[in-house]
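Biologist: Please take a close look at one part of this model for me. I would like to start with the surface around the DNA and go on from there.

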Number of protein chains: 2
Amino acid sequence: MHMNKPEQPRNPDGQMPTMADVARHAGVSSMSVSRALKNSDLVSQTTRDRIFKAIEELGYVLDLSAGSLSSKRTGFVAAIVPSINNSNFSDTARGITDELENTGLQLLLAYNDYSVEREERLIEAMLRRRPEGIILTGGIHTDRARRMLENAGIPVVETWDLPANPIDQVVGFSNADAMSLLVRTLAAKGYRNFAYIGGTTERDTRGNQRRTGFQSAVAGLGLPEGRVVSFGVPPISMEQGAQALGGVLSQWPDTEVVICVSDLSAFGALMECQRRGLSVPKDIAIAGFGNYEIAACCHPRITSVDIECYEIGRLAARKLFATIQDPDHANRRELVLTNIRVVEREST
Amino acid sequence: MHMNKPEQPRNPDGQMPTMADVARHAGVSSMSVSRALKNSDLVSQTTRDRIFKAIEELGYVLDLSAGSLSSKRTGFVAAIVPSINNSNFSDTARGITDELENTGLQLLLAYNDYSVEREERLIEAMLRRRPEGIILTGGIHTDRARRMLENAGIPVVETWDLPANPIDQVVGFSNADAMSLLVRTLAAKGYRNFAYIGGTTERDTRGNQRRTGFQSAVAGLGLPEGRVVSFGVPPISMEQGAQALGGVLSQWPDTEVVICVSDLSAFGALMECQRRGLSVPKDIAIAGFGNYEIAACCHPRITSVDIECYEIGRLAARKLFATIQDPDHANRRELVLTNIRVVEREST
DNA sequence: GCGTTTCATGTTATCGCTATCATTAGCACG
DNA sequence: CGTGCTAATGATAGCGATAACATGAAACGC
């Protein structure tokens, strides 16, 4: 059985109470209420107390959207990530949120399913909310999206990549270099026959850059040509990694090490090895990318590349906030390169 | 080297262009611009074309926050989940977003780190944006949060739980019943010595309900008293699951089956078994909760309880949207019970 | 042909807040 | 005791859009 909804606070007109109602109730002007709510020190303690008592009694909640109209500050920051279900990206989103805490800025988060067309639509939808800054994943956007961003007059941070032609600010790393570093590290351990498992489509630009980095590193080291298995659209799941491992083994049985576009597919491949009775890394070695929790926790633990996803979020938000506060900030355009680090574990 | 930022579109005053600028440029009134942008069929094709040409030329982007002031509709829906990095909850968030697509409503998402105090602060921050509805996780809130929600005059959906005293609408399931179902399913297979691994604190209310469900089910079946290992604050990680397994084995070596508060800790426990050379399920059986991707993909695959997280999000958003459109909707208060289902796999 | 619709558009008045400037009171000081 | 200062508060005028109503023109019916 449900209770009846209690009476909501109403002003004499039957509307939700406004700041004017609070002001009247407290016997002050609405400017004083506004100041008190903003913690301005231009309100005396007695007045402030009276105001908060009135707020409490009326159940008043400040309306920011009304305020932002006149103050020209919405208090929003927008961010778009490829997927919210991938813990690498949700780590970045968490970094952004955490860094924004206590700045008075609120995050407007969206995901584009790895599609630049969806990104374009999201950018337009977000710009309509007049964010004070925007954080994007990757450096590839539609022409119209680019134009909208350039016109918006707000700082933009592109992350997770080093765009050839940045819109504004960048906090990221080279996916190709990171993958190349992984290949070189493994080659130094003596592996020679490399295979790569990654997504098919052109949608996942970071995945493609990793593949490119893989191939050029293998070629650069004079190793046998890298074998590449592509499949499915991102996000590449564990299950797809398992299937792709089968493809690798049937096409190139002499493969010594398999590198996967992410730890999730690497884990799927590892499990498939266990099902087939293959010993990792004795029969075949496996490495992933992204240093997900699972890579550090499974058995054997998986060699991966750590890319400080959370830190990317924090740095991007910090840079954005600094620019919002001081648009002419001297180091504004300085590119922030985040760390990449190969984490060697038992799987290789 | 960076390119210079191109000139941003400006109106004669040097400000970003407004609807009035567009109207002037197109030689119409701003009402016609407003109508054209809302796809109202009250604008002729020729006028519409002229307006969109002007919008294009000026690089104008509609300002929703200005519009919502007069229309009294912000186009926002708020949602709070415990964590954005837990794929169960991000599935729910994804379900909400997907369902909201094409409704013209945008999601304002936040996470409270399993803390009702943080939830209270977030609720206040979100209500200041005047969302048209709000979706919460769980049925336990601070008194002040409850009061604010009741006063807000918007539909509220509590999810992932069956609150004893719902604020408004509910889309959820009984965590205790779900866990109880799992215990009974396993007991039917012959297991008798049950242990439970879960979080310590009072923060994760759903985790606590699962533990309660575990204990009462074990007691109800007349089995040996359930052994409960508690540790750490949520989110309970894979690593913590591994450590807790050690605790179970050392305290109660005759344990036949270990049930974990989530698949993540179950996976950690499973890996710990492998490290110790224990065969699962022969030496010890393991079950989880939440049916994460990993449970279906690891080896052996883990028995779990599927709780349709994505569907919870979709249903909650659908219910919210229906109520927003028709606040007097007949079935408004009807409770939506989502499905729970035990997925038996090789680990038990 | 004239009243009556219907459609397309314009005019006006807010929406709830804050920027800005004005005002008042209190106080120190020579 | 008047001058100049500061602290606290108020009055006014928008911010940029939309709701509601008003208007004018074309279309329609008999």
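Modeller: Helices here are DSSP runs of at least four residues, numbered from the N terminus. Keep in mind that the model is predicted. The largest share of the surface near DNA strand C comes from helix 4 of chain A, with five residues. In total, 25 residues surround DNA strand C. The closest are A:M19, A:S34, A:G67, B:S29 and B:S70. Chain A supplies at least two residues from each of helix 1 (19-26), helix 2 (30-37) and helix 4 (64-71).

Now the contact between the chains. Chain A gives 49 residues and chain B gives 49 residues. On the side of chain A, helix 4 is one of the elements with two or more residues there. Others include strand 2 (106-111), helix 10 (238-251) and helix 11 (263-275). That side divides into 21 nonpolar, 16 polar and 12 charged residues.

Next, helix 10 and helix 11 within chain A. Two packed helices are described by the angle between their axes and the distance between the axes. The axes of helix 10 and helix 11 of chain A come within 6 Å and cross at roughly 55 degrees. These helices of chain A are therefore oblique to each other. Their crossing is right-handed. Among the residues that meet are A:M238, A:A242 and A:L245 in helix 10, and A:L264, A:F267 and A:M271 in helix 11. This contact has 10 nonpolar, five polar and two charged residues.

Note on methods
Residues are numbered from 1 along each chain as its sequence is written. Chains are lettered from A and ligands numbered from 1 in the order in which they are written. This is a predicted model: local features need pLDDT of at least 70, side-chain atom pairs count only at pLDDT 80 or more; totals for chains, interfaces and linings use all residues. A residue is near a molecule or strand if its C-beta atom, placed from the backbone, lies within 6 Å of it. Two residues are in contact if their C-beta atoms, placed from the backbone, lie within 7 Å. Ala, Val, Leu, Ile, Met, Phe, Trp, Tyr, Cys and Pro count as nonpolar, Asp, Glu, Lys and Arg as charged, and the others, Gly among them, as polar. Axes are lines fitted to C-alpha atoms, for helices over the stretch in contact, and angles run from 0 to 180 degrees between N-to-C directions. Angles under 35 degrees count as roughly parallel, over 145 as roughly antiparallel, 65 to 115 as roughly perpendicular and the rest as oblique. A crossing is left-handed if the near helix is turned anticlockwise from the far one by less than a right angle, and right-handed if clockwise.
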